[in-house]
Amino acid sequence: MSPHVGIDAADVVVVGGGASGLAAAIEAAAAGASVLVLEKNTAPGGSSRLSVGSINAAGSRLQQRAGIVDTPDEHFEDMDHFMGAFASKDNLALRRVLVDNAADTLHWLMSLGLSFYGPTADPPHRHPRMHNVLPNSRAYPYYLSKEAKRRGVRLVCGAEVLELLRADDGGVRGVAARVDGRRVEIVARRGVVLCAGDYSNGTEMKSRFRPELAAIRGVNPTATGDGHRMAEAIGARIVNGEVVYGPGLRFGAPDRPSLVQRLPPSWALGKLMSLALATLPAALFRPFVMSFMTASLGPEAALLKSGAVLVNRDGRRFVDEQQPPGLAIAAQPGGQAWLVFDDAVARRFSAPPHAVSTAPGVAFAYLPDYRRHRKDLYGTGETAEALAHAVGLPAEALEDALKDRAWRSPLHALGPLEARIVITDGGLAVNVSHQVLRADDSVIPRLYAAGAVGQGGALLAGNGHHICWAVTSGRRAGRLAANGAAA
Ligand SMILES: Cc1cc2nc3c(=O)[nH]c(=O)nc-3n(C[C@H](O)[C@H](O)[C@H](O)COP(=O)(O)OP(=O)(O)OC[C@H]3O[C@@H](n4cnc5c(N)ncnc54)[C@H](O)[C@@H]3O)c2cc1C
């Protein structure tokens, strides 16, 4: 008998088992609904599991403990600093939902067992309000799945939702999915919550909204915009589809996670790390915390502004590093590049405030963190020739590439890195009750959306707003779907 027999109906069907989907499922179950989560991958987590995992929140208990007085209103205002050219397109009603609920979201996650370090400063936020998940972002699916199970939620992995089924009133009556290679129709008595993530690796969607980025792969290969596509097919519309983060530069995630990195992100481990961060000197806790780093990190543009150059696999320079280099990197052999810099730059990026990357747990990673924990990405040498040998690039070409100026030795390199789309902000139009809207702004009955697919035009630039939105909107949408109500 199929292990998935008996999944023909539930009160609430959730599409996707990332942070938003699991949060929606937990709250729907807490509201008394029977809940089924359909996840196309073999394990839950989605982009939430690949993320750095930070959450920006104002008014948290961790802030209060640190003597920081902060308010959602200040957080709301500070988000203006991140919007750039897209500022006028933001959905301010949803930004309000985010900032007003952010601290509660964080506390709820902590009540489920997640641990956070912080708050750490993250300018231009005026107060330290970045909370960093410990030991890494695998903690999101780990704890959320555990709570979902405790609440009686049925999570079926390897179940790809194909389309939304329409009811006679124009609303949604369920979904069609592929489970065990068979198409099955599943009735959602109270509603469907779409939580299928973004389209950072969705070629069709990117071709439509940002054709120049269509060929650039997403960090998450299965973030293909399925939820957007299914909802559009029944009359929903997408807002801010052109807001795509990237191409950003990303180092590959570690090839083989170490034993330590494969440890379950248990409560005890989180508490041990919190304790280490609170009590040990930085020189002792950093190596401990960094050894759990699993996310795919990206170098800050400041490295290039400070004098680092980019070379390709042939050891040649190929771009003006003062311009965004993503598209040029994608066009190089193997789509790869290496950052090369001298010792002056290396020293600068070895301590605050000049980080190489934002990073889980410790918030920021510096060059010594890479030297120690990502030996696969780091090389050094007294001369260009020695550096070329250390990182496997052609020596003659590298010598030629670096001869335009005096370099202070030793020389350093980080790579390979690739150009990737990290996040997309285009979401289905939704109201503040997370109900999906048609082109004329009417509600599609019984269809809700949360997380990236339910972003509704909210712009979440800056660190720590996306996961917070995923969990906040997921919880709300799950509750509202279970109650068949609007906020
Ligand atoms: C490298 C990286 C670093 C990041 N760092 C941060 C950070 O520090 N802080 C922050 O706030 N944000 C960060 N983000 C962004 C953040 O991770 C995402 O915006 C957020 O996790 C999205 O959550 P979600 O639940 O909407 O989607 P996801 O977590 O992607 O979950 C969607 C799920 O739906 C499933 N699914 C999709 N289609 C179907 C289908 N047809 N049928 C069934 N299941 C389906 C997917 O497999 C997936 O499991 C980062 C993202 C990346 C890639």
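**Ligand, core and domains**

Me: How many residues surround the ligand, and which are the closest?

Reply: The ligand is surrounded by 44 residues, and Gly16, Gly18, Gly46, Gly197 and Gly451 are the closest. A residue counts as near if its C-beta atom, placed from the backbone, lies within 6 Å of the molecule. The model is predicted: local features need pLDDT of at least 70, side-chain atom pairs count only at pLDDT 80 or more, and totals for chains, interfaces and linings use all residues. Residue numbers run from 1 along each chain as its sequence is written.

Me: Which helices and strands supply at least two residues each of the shell around the ligand?

Reply: They are helix H1 (19-30), strand S2 (35-39), helix H2 (46-50), strand S7 (159-166) and H18. Helices (H or I, at least four residues) and strands (E, at least two) are DSSP runs numbered from the N terminus.

Me: What classes make up the shell around the ligand?

Reply: It has 18 nonpolar, 22 polar and four charged residues. Ala, Val, Leu, Ile, Met, Phe, Trp, Tyr, Cys and Pro count as nonpolar, Asp, Glu, Lys and Arg as charged, and the others as polar, Gly among them.

Me: How close does the reach of H18 come to what is expected?

Reply: Helix H18 (residues 466-483) has 18 residues and spans 25 Å from first C-alpha to last, close to the expected 26 Å. The expected span is 1.5 Å times one less than the number of residues. Just after H18, Gly484 has a positive phi of about 60 degrees.

Me: What makes H18 mostly covered?

Reply: Of its 18 residues, 17 are buried. Buried means that 20 or more other C-beta atoms lie within 10 Å of the residue's own; 12 or fewer means exposed, and in between is partly exposed, with C-beta atoms placed from the backbone.

Me: Why is His434 called buried?

Reply: His434 has 31 other C-beta atoms within 10 Å, so it is buried. His434 also has a positive phi of about 65 degrees, although it is not a glycine.

Me: Why does Asp441 count as exposed?

Reply: Asp441 has 9 C-beta neighbours inside 10 Å, so it counts as exposed. Its phi is positive too, near 70 degrees, and Asp441 sits in the loop between S21 and strand S22 (443-449).

Me: What is the largest nonpolar core, and where does it lie?

Reply: A nonpolar core is a set of buried Ala, Val, Leu, Ile, Met, Phe, Trp, Tyr and Cys residues joined through C-beta atoms within 7 Å. The largest has 138 residues, and those with the most contacts inside it include Val12, Val13 and Ala25. H18 gives the most to this core, nine residues. Domain 1 (9-246 + 423-483) and domain 2 (248-420) both give residues to this core, so it lies between them. The domain bounds come from an automatic or database assignment.

Me: How many residues of domain 1 are in contact with domain 2?

Reply: 27 residues of domain 1 are in contact with 25 residues of domain 2; contact means C-beta atoms, placed from the backbone, within 7 Å. S5 gives the most to the side of domain 1 that touches domain 2, with four residues. That side has 14 nonpolar, eleven polar and two charged residues. The C-alpha centres of the two domains lie 30 Å apart.

Conventions: Two residues are in contact if their C-beta atoms, placed from the backbone, lie within 7 Å.
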